[in-house]
Amino acid sequence: MLTKNSAVKTSFSGVDFSKYASKTSEFVKELASRANKKGHFLNWVNLPSEQLKRVDELYSMVEKFKNQTGVSKLCVMGIGGSKHTVEHMLGINGLNVRHDVVDFYSDVDSTSLNRFLYRLGDVTKANYMIASKSGSTFETKDGFLRVQTMLIDAYKAKGQSQEEAEKSAAKHLIAVTDANSEKSELRRTSIANGWLGDLFIHDDVGGRFSAFDDHALFTLIWAGMKKDDLVKMLKSAQEISELALSDDLEVNDALKEGIFWADAKLNGIEASVHEYMGSMFENTVYWHAQMQNESVKDTLKQVAKVPDAMHHSAEAHFNPANKFVFALTVPVDNGVCAENAEAYIGALTKSYEITGNFFKEEVETSGMGLTPEAAGAMSMIRAYATVYQEIVEAVMQGKELPEVLDSVLQPHVEFYKKNLKGGVVVPGRISK
């Protein structure tokens, strides 16, 4: 008999789940029938259990990568899911709080590059993880080529020959990309230049669903996550996956969250709000917004961090002329602020419950972040709830679902990508 994951606790108001009870098995069957099948982009369903097999390998690779250069900083070069999932996972696990162990670069303008280089001080004092599924993403390739050139120039300035400098630069670089060198330009570059290791963006795992893929786990390990904690996080995520494929709504919080958002749409409420309380969620907001925009393809949902967002959002949220549904993710406070935090959450809860349909998600905390179990559970719930929203809406309206779920695809991204081609942008180009 399955029991609820104890690291995340949810409570709902305003939604009559009994209306959906007769369809619960259909929702679950629809998702389960597609999971882990080639071309369905649902390979994240069992990714945590697959990654558990590679924990020792990943820790060994991080150690080798550090040892071959002797540096303590890792720079992640990637965009979208290659960046936001990593930032989210660092934040909720209480790592890189001073922003001194891991840095990010995902921009294409000179000012941002100058700011990045200013933070580094010396390009040879950091290692660089280049993350791109295809290996040809313009934004990522542009930054990588610039840093690679700078590394070579820095070693030449120290008296090394061109060949020696290229070999020294290669020790600072590692690729996270498609395993197939025929598909990935970056994989070919990694092999040709003798970069360390094999890190993968797994097949049929979209960027926003990749919280447990190699780029995130490798960075968590680099930032100091203990092996036992990493294992706990992955096991908790996989437990959620098992619960999310259960037709027992009492234990399936992921489906209930999916139903909650679908119920709003089915009842004509377009605008919705999901707020996260606390600084550990600053980057979770970006990741969740990406999930919303790319999967649900809905720009009406507000995803924000509180308390910051409360004063400038409340005027709209509590205006009777506006119809919203609300969600609030909050930490379980065990520290010196506990009484005020609980009272603040209570006040927000009362306000939201009076205003519209609402659910509260309480996540267990430890130190400067969530417990590993809560980090794994919450991240996996978000992925399932997003996909379930599409399924619930379609089933309840008697609509036929597409061959591949819309929520896992992003065909419209190609609209802008095609305009970058044909020599419009040249990765690494130095302006005269």
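Modeller: The backbone oxygen of alanine 126 sits 2.8 Å from a polar atom of the histidine 172 side chain. Keep in mind that this is a predicted model. Histidine 172 is in the loop that joins helix 7 (162-170) to strand 5 (173-177). Its relative accessibility is 1%, under the 20% limit, so histidine 172 counts as buried. Setting aside neighbours within four places in sequence, histidine 172 contacts Phe65, Thr69, Val71, Thr124, Ala126, Asn127, Tyr128, Leu151 and Tyr155.

The largest pocket holds about 1,200 Å³ of space. Its lining has 43 residues, and Lys133, Ser134, Thr137, Gln410 and Lys417 lie nearest the centre. Helix 4 (81-92), helix 6 (138-157), helix 12 (282-296) and helix 16 (414-417) each give two or more residues to that lining. By class, the lining of the largest pocket splits into 14 nonpolar, 17 polar and twelve charged residues.

The second largest pocket holds about 720 Å³. It is lined by 28 residues, with Gly91, Val97, Ser279, Met280 and Glu282 nearest its centre. Helix 4, strand 3 (102-105) and helix 12 each give two or more residues here. The lining of the second largest pocket has eleven nonpolar, eleven polar and six charged residues.

The whole structure has four cavities of 30 Å³ or more. The largest cavity holds about 70 Å³. Helix 11 (253-266), helix 12 and helix 15 (372-396) each give two or more residues to its lining. Helix 15 gives the most, with four residues. The residues lining the largest cavity are Glu257, Trp261, His274, His288, Gln292, Val296, Lys301, Phe359, Arg382, Ala385, Thr386 and Gln389. By class, they are four nonpolar, five polar and three charged.

Last, the cysteines. A disulfide is a covalent bond between the sulfur atoms of two cysteines. A search of the whole structure finds zero disulfides. Cysteine 75 has 0% relative accessibility, so cysteine 75 counts as buried. Cysteine 337 has a relative accessible area of 48%, so cysteine 337 is partly exposed.

Terms used: Residues are numbered from 1 along each chain as its sequence is written. This is a predicted model: local features need pLDDT of at least 70, side-chain atom pairs count only at pLDDT 80 or more; totals for chains, interfaces and linings use all residues. Side-chain values use heavy atoms; hydrogens and water are left out. Buried means under 20% relative accessible area, exposed over 50%, partly exposed in between (1.4 Å probe, protein chains only). A polar contact is a pair of N or O atoms within 3.5 Å; within protein, one must be able to donate a hydrogen and the other to accept it, and residues adjacent in sequence count only if both atoms are side-chain atoms. Contact means heavy atoms within 4.5 Å. On a 1 Å grid over the protein atoms alone, a cavity is a set of points where a 1.4 Å probe fits but cannot get out, and a pocket is an open set with protein on both sides within 12 Å along at least five of seven lines; lining residues have an atom within 4 Å of a point. Grid points are joined across faces, edges and corners, and a volume is the space filled by probe spheres set on the points. Ala, Val, Leu, Ile, Met, Phe, Trp, Tyr, Cys and Pro count as nonpolar, Asp, Glu, Lys and Arg as charged, and the others, Gly among them, as polar. A disulfide is a pair of cysteine sulfur atoms within 2.5 Å.
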